[in-house]
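I opened my notebook to look up a few places in one protein chain. Please keep the picture beside you while you read along.

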Amino acid sequence: MKSIIVGTAGHIDHGKTALVRALTGIDADRLPEEKRRGITIDIGFADLDLGDVQIGFVDVPGHERFVKNMLAGAHGIDLVALVIAADESVMPQTREHFDICRLLGVRQGLVVITKKDLIDEELLQLVRAETEELIAGSFLEGAPILAVSSRTGEKIEALKNALRELGSQVPERASEFITRLPIDRAFTMRGFGAVVTGTLIAGEINEGDELELMPTGARVRVRGVQVHGAAVKRALAGQRTAVNLSGIEAAAIERGMTLAPVGRLRPTQIIDARIQMLDDALRALRSRQRVRVHVGAAEVLARVRVLEEIGEIKPGKMGLAQLRFESPIVGVLGDRFIIRSYSPQFTLGGGVMLDSVASKHRSRDLAKIGARLRNLWERDRPQQLAEFVAGAERHGLHRSDVAARTGWRDEMIEAATKQALVAGAVVDAEGVLVSTEAFDELKRDVLAEVAAHHKREPLSRGLAKEILRERYFGHSPPELWRAVLAQLEKQGTVIAEKEIVRLREHTRELSGIDKKSRERLEQVYRDAALEPPTMNEAFERSGLNGAIPHGRKILQLLIDSGALVKVHGEMFFHRAALEDLTKKLGDYASAKSNRMIDVPGFKELAGVSRKYAIPLLEYFDRQRVTRREGDRRVIV
Ligand SMILES: Nc1nc2c(ncn2[C@@H]2O[C@H](COP(=O)(O)OP(=O)(O)O)[C@@H](O)[C@H]2O)c(=O)[nH]1
Ligand SMILES: [Mg+2]
C-alpha cells in the first residue's frame with residue numbers, strides 16, 4: 001500500500017472543499033469561523049482509502065489573503081488537484097496557485113473542473129480550452145482534465161479512478177534522507193498533551209523516538225503516532241502524520257518548525273539559492289529588497305542579495321541570490337521555497353536551496369561563487385559533496401556539516417565521500433573532509449614557512465609547531481593540522497619532533513667564527529668531565545658570554561649532535577665523560593657479587609661531590625644503567 005499527499009489548488013469558491021468532501025465525506029473546513037463564513041481560511045485535511053493507494057488530502061484556502069496558509073500546506077505534496085469552477089473558469093488565484101505549484105517543483109497532478117451541473121456542454125468546452133491554454137508547457141500538460149459535480153456526484157467515481165491511477169505512478173519517496181516533519185499545526189489534546197501535525201516529507205517517525213524541534217533545538221520524545229486518524233507504530237514519508245510529543249508544551253511549538261532527528265539539521269539564517277522569477281512578477285528581485293520566504297510550513301522575512309553581476313533578477317529570469325533571514329530556519333540542498341513581496345503581498349518567484357549554511361560573499365568572488373552554486377545544482381551527489389567541501393576552503397567539513405547541508409543519511413554521505421575520495425576531489429584528513437586543492441595548499445604553505453624559518457635562523461633546529469598551527473590552522477579543526485603534518489612526514493619532506501618541525505634536508509651551517517665557538521664550548525665540557533660548569537660559566541670560559549642567545553643555539557647544536565648530554569636542568573655533560581663513567585660502573589659491578597652501589601660509593605668511584613652524584617645517578621636510573629633500590633642502586 002502506498003501513501004501519497006494530494007493538495008488542492010485554485011481560486012476561492014471554485015469548489016475545492018466541496019470536492020474533498022464529495023471524495024472523502026470529510027469536511028476539511030474545521031474552524032468555526034470557516035463554517036460560519038463558508039470559506040476556507042486555513043489548510044484542512046481529509047483522507048481517502050483507495051485500496052492500493054492511501055490519499056492524504058491537504059485542502060487549501062483560495063482567498064488571496066490566505067496564500068500564506070495555502071503555502072503552509074502546498075509544500076510536500078505529491079499530486080495537485082487544480083480546481084477550476086466551470087461557471088467562472090480560470091481566475092487570478094487559479095494562476096497564482098498553479099504558479100506556486102510549478103515553483104515548488106510539483107511534478108504531477110490533474111485538473112478538476114467543478115460545478116459541471118451549472119453549465120452546458122458548449123460552455124464546458126470553452127473552460128476546457130482555457131484550461132489547456134493555462135497548463136500548456138507545464139508539468140500538467142497532458143494530465144487528465146475531469147469535469148465533475150460535487151453536488152450531484154457526477155464523475156466523482158471517475159475522479160477517484162484517475163487519482164488511483166496517478167497515485168500508483170507517484171515515485172516512492174527517496175529513502176536516503178533524514179526524517180523531517182515540517183509542522184503545520186500544534187495543539188494540546190486533553191489527556192495527551194502536545195500534538196503536532198504535518199506532511200512527513202522524508203524518513204519515518206516511530207513511537208518512542210527522540211527528536212529535535214528545529215530551529216529551537218528542543219528535545220522531544222514521541223509518545224504516539226497517528227496516520228489517517230489511526231494510531232500506528234510508525235509513520236512513513238508521504239503520510240499526513242500526527243505526533244503526540246512529550247517533553248514540551250504545545251504553546252512552545254509553532255507552525256513552520258520542523259521535527260528532525262537529534263543533531264542532524266542546523267538552524268541557519270543565510271542561504272544561497274537559485275531563484276526563478278515568475279514571468280508576470282510585478283518587479284525584479286533586487287539586492288537589499290525585503291521579502292517573505294515560505295519554506296516548508298514556515299514564513300520568514302529575509303533580505304535579498306542578488307549574486308549576479310547585473311544586481312537583479314528580472315521577471316521570467318533565473319538567477320542566484322543569497323537570502324539573509326530575520327529569524328532562523330532549517331533547510332537542506334534542494335528544498336524549494338516561494339518568495340513573495342513584503343507589502344503588498346504577491347508572489348515574485350520561487351527558489352531551490354543550494355547552500356543552506358552559507359556565509360556572506362565578497363563581490364569580487366561572485367564568479368567563483370556562481371560556478372560553485374551551479375555545480376551544487378547540476379552535479380551528482382559525490383560532486384555536490386566535493387563542492388561543499390571546496391566551499392569550506394581551509395576549514396574543511398566534518399561529515400555532520402555535510403549532513404546539515406544535505407539532509408543525507410550517514411550511508412549516503414559515506415557513499416558520496418568514498419566516490420569523491422576515489423575521484424581525488426577531497427582528502428579525508430583524520431575525519432575532516434577538505435578539498436585536495438586546499439590540502440595541497442596547506443602543505444605548500446607549511447613547507448614554505450618552515451623553509452623561510454630555516455633561512456632566517458640557520459642555527460635554529462626548526463620552527464615551533466605551535467607557531468605553524470596558529471598561523472595556518474588557527475580557524476580549522478585540529479584534525480586537519482595533524483593530517484597535514486602527518487602527510488608531510490610520510491612524504492619525508494619534514495621531520496616533526498616534540499615541539500618543532502624542520503625540513504628533512506635542513507642542516508645547520510656554521511660560519512667560521514661559529515665553528516670555532518662550538519669547538520671551544522665543546523672543549524670546556526670535555527675538560528670539565530664529570531664536574532661540568534653551569535651554562536653561563538661555560539659560555540664565559542669559551543668566550544661566548546657576550547652573546548648568550550647565540551651561545552644557547554651553539555649549545556643546542558652540541559646537544560643535537562650528541563656531543564653533550566642534558567643530565568639535569570641546565571647541567572650538561574660531555575658524552576665521553578658519561579661513557580667513561582658507565583664503563584667504570586660496569587667494571588665496579590663485575591668486581592662485586594651483588595652489583596650494588598650506594599651514594600658514597602658512587603661519589604668515590606666517580607670522584608665527584610654530591611651536587612653531581614645525585615643528578616648523575618638519577619640520569620643512570622632513567623637510562624636503566626642503574627636501578628634504585630632503597631638507598632642503593634643495582635648496576636644493571
Ligand atoms: N452547483 C454546484 N455547486 C458547488 C459545487 N462544488 C461546490 N459548490 C458550491 O460552491 C461554493 C464554494 O465551494 P467551496 O468548496 O467552499 O469552494 P472553495 O473555496 O474552493 O473551497 C459552495 O457554496 C459550494 O456548495 C458543484 O459541483 N456544483
Ligand atoms: Mg475551501
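I started with Glu393, which counts as partly exposed because its relative accessibility is 43%. The cut-offs I used are these: buried means under 20% relative accessible area, exposed means over 50%, and partly exposed is in between, with a 1.4 Å probe and protein chains only. Glu393 sits in the loop between helix 8 (381–391) and helix 9 (399–406). Helices (H or I, at least four residues) and strands (E, at least two) are DSSP runs, numbered from the N terminus. I also noted that phi of Glu393 is near 45°, a positive value in a residue other than glycine.

A note on ground rules: this is a predicted model, where local features need pLDDT of at least 70 and side-chain atom pairs count only at pLDDT 80 or more, while totals for chains, interfaces and linings use all residues. Residues are numbered from 1 along each chain as its sequence is written, chains are lettered from A and ligands numbered from 1 in the order in which they are written, and side-chain values use heavy atoms, with hydrogens and water left out.

Next I looked up Lys115, which is not a glycine but has a positive phi of about 60°. I found Lys115 in the loop between strand 5 (108–114) and helix 5 (121–135). With 24% relative accessibility, Lys115 is partly exposed.

Then I turned to the prolines. I placed Pro344 in the loop between strand 22 (336–341) and strand 23 (347–355).

Now the metal. Which residues are the protein donors of the magnesium ion (ligand 2)? They are Thr17 (OG1) and Thr40 (OG1), lying 2.0 Å from the ion. Thr17 is in helix 1 (residues 16–24) and Thr40 in the loop between helix 2 (32–37) and strand 2 (44–49), so the pair, 23 residues apart, links distant parts of the chain. Donors are N, O and S atoms within 2.8 Å of the metal (3.2 Å for Na, K and Ca); water is not among the atoms, so sites may look incomplete. Thr17 is buried, as its relative accessible area is 11%, and Thr40 is buried at 9%.

I moved on to His75, in the loop between helix 3 (67–74) and strand 4 (79–85). His75 is buried, with a relative accessible area of 9%. Leaving out residues up to four places away in sequence, His75 touches Leu104, Pro182, Ile201, Gly296 and Ala297; contact means heavy atoms within 4.5 Å.

Glu308 is partly exposed at 23%.

Finally, I stepped back to the whole chain. I counted 19 helices and 33 strands. The radius of gyration is 38 Å, well over the 26 Å of the globule rule for 636 residues, so the chain is more spread out than a compact globule. That radius is taken over C-alpha atoms, and the rule is 2.2 Å times the number of residues to the power 0.38. Buried residues make up 52% of the 636 residues.
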